[in-house]
Amino acid sequence: MQVEVGSILGGKVTGIVAFGAFVELENGSTGLIHISEISSEFVDDVSKYLKIGQEVRVKVVSVENNKIGLSIKKAGDNGVEAKPDKPREKKEHKKRAPYVFSGKPEEFEFKKTNNSDMSFEDRLQKFKQDSDERIQDLKRNTEGRRNNGYRR
C-alpha cells in the first residue's frame, strides 16, 4: 500500500527521540512525527505526550526519498490530539516595585521608589533625567579606562 500525502492513518509509536517520535503505520512503513507536529501546545518533552506502543492517528504531511513526515496536530479533527500526562502549570508573575540606581556605579545599591503619586509626565521626566545621569557616568568611566586613567 502506497502512502499518500494528506491521508489519515493509524499507527503505533515505536520510538521516541528528542526531536519527535517514530510511528509504524498500518501498512508496515515507518514515519516520523516532528516535535512541532505533536500538539498545538509547546512541546518541550516528547515523552510527556507520547509513549512507546501507544496507538495514534496521524496525517501524512510529506513523502520524500522514502521518508514519511507525519502530524498528529493536523489529524486532530479525526483523531485525538496528543495531550501531556500532567497539565502545564501556569506560573503567576509577581508585580515588582521599580528600582532606581542610587549612588556611584561601584556601590550597586538600589532603593525602592514610590511613583504612584507622580503623574506619567513627571515619571517620564524623572526617567529621562536619571538616564542622562547614567550615560554621563558611563562616559566618564569608559573614557578614563580607554586612556589608562590619563586625559588628554
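**Close-ups of a predicted model**

**View 1. Asp130 and Lys126 make a salt bridge, with their closest N and O atoms 3.4 Å apart.** A salt bridge here is a side-chain nitrogen of Lys or Arg within 4 Å of a carboxyl oxygen of Asp or Glu. Both residues sit in helix α1, four residues apart, or about one turn of the helix. Helices (H or I, at least four residues) and strands (E, at least two) are DSSP runs, numbered from the N terminus. Is Asp130 buried or exposed? Asp130 counts as buried because its relative accessibility is 14%, while Lys126, at 31%, counts as partly exposed. Buried means under 20% relative accessible area, exposed over 50%, and partly exposed in between (1.4 Å probe, protein chains only).

A word on the model: this one is predicted, so local features need pLDDT of at least 70 and side-chain atom pairs count only at pLDDT 80 or more, whereas totals for chains, interfaces and linings use all residues. Residues are numbered from 1 along each chain as its sequence is written, and side-chain values use heavy atoms, leaving out hydrogens and water.

**View 2. Asp137 and Arg140 form another salt bridge, and their closest N and O atoms are 2.9 Å apart.** These two are about one helical turn from each other because they lie three residues apart in helix α1. Asp137 counts as partly exposed at 24% relative accessibility, and so does Arg140 at 47%.

**View 3. Lys48 pairs with Asp44 in a salt bridge, the closest N and O atoms being 3.7 Å apart.** With 40% relative accessibility, Lys48 counts as partly exposed. How many salt bridges does the structure hold? There are three.

**View 4. Phe120, Leu124 and Phe127 make a nonpolar surface patch of about 330 Å².** Phe127 belongs to helix α1, which covers residues 120-146. Patches are built from residues with over 30% relative accessible area and no salt bridge, joining like charges within 9 Å and nonpolar side chains (Val, Leu, Ile, Met, Phe, Trp, Tyr) within 5 Å. Areas come from the Shrake-Rupley method with a 1.4 Å probe; for residues, only the protein chains shown count as cover.

**View 5. Five strands make a closed barrel in the order β1-β2-β3-β5-β4, with mixed pairing.** Ignoring direction, neighbouring strands of this sheet are turned by 50 degrees against each other on average. Axes are lines fitted to C-alpha atoms, for helices over the stretch in contact, and angles run from 0 to 180 degrees between N-to-C directions.

**View 6. Strands β2 (residues 20-25) and β3 (residues 30-34) pair in the antiparallel sense over five bridges.** Two strands pair if DSSP finds at least two bridges between them. Opposite Ala21 stands Ile33 in β3.
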